[in-house]
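Student: I have just opened this entry and would like to be walked through it. Could we begin with the overall picture and then turn to details?

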Amino acid sequence: MNAPLPESADEQDAGIHSAFFRISDLPLKLLTSVLRYVLPLFDPVSWHWEYGDCNPYMRALFSLRCVSTLWRDLIDGTPSFWTLISSTWSLEAILMVLHRSGTRPLIIHHLSPNHPEDIAEGEIAFWRGFYQLVNPHRSRWTACIAALPLELASELFSAPLPRLNALKLNLTDEEALGQPSILLTPVIMDILVNLEHVHFSGFLFRWNEVHSTFKRLKTLGLKLMRGNGITTEQIINTILQNPSLQNITIIYMEAKAKPMPVDFNPSPTALPLLRVFRIDGPLHLVETILRHIQIPNDLDELFISAIPCNSPAHSSLFWMKTLSPLLPALQRMHMKKGGSRISFRESERCVWLAEGVNNSGFDLTIDGLRHTATLEWIASIVKSWEYPEDFPGFTCWTTSTLIGVPSAFHALQTIQRITSIDILVDLENVDLSAFWKALGGATSRAATRPPAFPFLQYLRIRKWRFGLARVIKLMKQRYASGQQVGWRPHSNIRLDFNTHRPVWFEDRKRPQIIIHMDKVTELRELDGVDS
């Protein structure tokens, strides 16, 4: 029996292509789903405010229409493709969307291309022209995203919006942010009570008059709320009366609060559906809210930022007292997102942010600590967590003043996996001798200790005011002695010295050359130093 002849290349290609069919041959319902899948996703309750948010969707939609007559007819005849409408589009495009959407729900989007302070009569006319087009269809509005001055924002509530469930409103006139002046009416109350997603940057009404109307919220976003009677207690009550909340974003708040008793410890309320939690405000606001709610361990996004108040000591202890119950959630978020950022500037703000960038490690910023117990607490946390073998390590930014505090520096040394250190030399404390000794490894007749920070790969000293002779000596000690006792650091170091001038005139009779080229050459030639 003769063996079959092998297929030619053309025959093989024909066989492969016969196993496929054109996407246009799919059933129309399935093809519609495929086309919808490839269109950009527009989330009407996302936090970002961008003028051109809707443009990518319309560009992609028109690109798909150009593929073939079939696709064009399918898209034009499917109302669900035409539910997004933006004032940034041309009049022709707006009328096309209103016509082709039929009776489908509408997402209304209006942001000014100009800076809020530059809104003039032309911008007001621009909004009113757009509003006249979409207002007759307000019974179909399900979401509205608008950045408007108070005068124009009030027009949104002039008539019922029976299907509106998402409202994202940004007041653009600064003078109106603290002076809400719209009187509540039954129409307005009916609109507010049906909302499921709200983002308010500034507010039209007095919060004490409306906060109890929100009972169905899944998203609560408050930003730049000040001067309108809002209190911490009202914010907490709003959160607690909406157990289905999935997203809480409270940014740049100035809420009034009564001081809490020292022994105040309420039973936190669980929010099992919560997936996004962002809060940034005065320390008393952040602390009070975190004590009242139970953060679930399966968050998708986490951002906590506290602005110190009158007592620096209080802000130092905030992390230990308030964040300790959140450690399971913080650890899971850190491992899930591949990194965290801890920024502790006691005089400015304290931040814990789950970055959302894979394999970013830990980013520590430590400055101005009054209580080194806080740094010891942070060090104990990051040491206790488990890390994968390819964990990129820790990046640390600090100052020479903090390095000069023995207990703080000791706590920093306990974080073994630090791979990058950035030190700013303060004029008040320019002594880094303890740091260099630890980096080189302490040696004496009595004892020998391994060099500190064995995983260190990058060291930057800003506003450097000394020569390099002592640095060279200790770098030799770090690597040479390390080889002798079996403690050689794991990585070479890249050294980066930044100085504003080549000579430091601390002692004008004996000025010191900071950077001398022969010392730079000697330093670069050391085994273990990359540059």
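This is a predicted model: local features need pLDDT of at least 70, side-chain atom pairs count only at pLDDT 80 or more; totals for chains, interfaces and linings use all residues.

Student: How many helices and strands does the chain have?

Tutor: The chain contains 20 helices and 20 strands.

Student: And what share of the residues is buried?

Tutor: Of the 531 residues in the chain, 48% are buried. As for contacts with a separation of 6 or more, 67% come from residues 24 or more positions apart.

Student: Let us turn to strands. How many residues of strand 9 are buried?

Tutor: Seven of the seven residues in strand 9, which spans residues 276-282, are buried, and the strand is mostly covered.

Student: Which way do strand 7 and strand 9 run, parallel or antiparallel?

Tutor: Strand 7 (residues 247-251) runs parallel to strand 9, and five bridges join them. Within this pairing, I251 has D280 of strand 9 as its bridge partner. Strand 9 is also joined to strand 11 (residues 301-307), again in parallel, by seven bridges. There, G281 stands opposite A306 of strand 11.

Student: What about strand 16, is it enclosed or open?

Tutor: Strand 16 (residues 418-424) is largely enclosed by the rest of the structure, because seven of its seven residues are buried. Strand 15 (residues 394-399) pairs with strand 16 in the parallel sense over six bridges, and W397 stands opposite D422 in strand 16. Strand 16 also pairs with strand 17 (residues 458-462), in the parallel sense and over five bridges.

Student: Which residue of strand 17 is the bridge partner of S420?

Tutor: The bridge partner of S420 in strand 17 is Y458.

Student: Now helices. At what angle do helix 11 and helix 12 cross?

Tutor: The axes of helix 11 (residues 232-240) and helix 12 cross at roughly 30° and come within 10 Å. Angles under 35 degrees count as roughly parallel, and the two helices are therefore roughly parallel to each other. The crossing of helix 11 past helix 12 is right-handed.

Student: Which residues meet there?

Tutor: From helix 11, T232, I235, I236, I239 and L240 meet H284, L285, T288, I289 and H292 of helix 12.

Student: What is the closest N and O distance between E196 and R216?

Tutor: Their closest N and O atoms are 3.2 Å apart, and the two form a salt bridge. E196 lies in the loop between helix 9 (186-193) and strand 5 (197-201), while R216 lies in the loop between helix 10 (207-210) and strand 6 (219-223), so the pair ties together parts that are 20 residues apart in sequence.

Student: Are those two residues buried or exposed?

Tutor: E196 counts as buried because its relative accessibility is 17%. R216, at 41% relative accessibility, counts as partly exposed.

Student: Last topic: the backbone. Where does F453 lie, and what is its phi?

Tutor: F453 lies in the loop between helix 18 and strand 17. Its phi is near 55°, a positive value in a residue other than glycine. Most residues other than glycine have a negative phi. F453 counts as buried because its relative accessibility is 1%.

Student: Which residues of helix 18 are buried, and what comes just after the helix?

Tutor: The buried residues of helix 18 (residues 433-440) are F435, W436, A438, L439 and G440. Just after this helix, G441 takes a positive phi of about 95°.

Key
Residues are numbered from 1 along each chain as its sequence is written. Side-chain values use heavy atoms; hydrogens and water are left out. A salt bridge is a side-chain nitrogen of Lys or Arg within 4 Å of a carboxyl oxygen of Asp or Glu. Helices (H or I, at least four residues) and strands (E, at least two) are DSSP runs, numbered from the N terminus. Buried means under 20% relative accessible area, exposed over 50%, partly exposed in between (1.4 Å probe, protein chains only). Two strands pair if DSSP finds at least two bridges between them. Axes are lines fitted to C-alpha atoms, for helices over the stretch in contact, and angles run from 0 to 180 degrees between N-to-C directions. Angles under 35 degrees count as roughly parallel, over 145 as roughly antiparallel, 65 to 115 as roughly perpendicular and the rest as oblique. A crossing is left-handed if the near helix is turned anticlockwise from the far one by less than a right angle, and right-handed if clockwise. Contact means heavy atoms within 4.5 Å.
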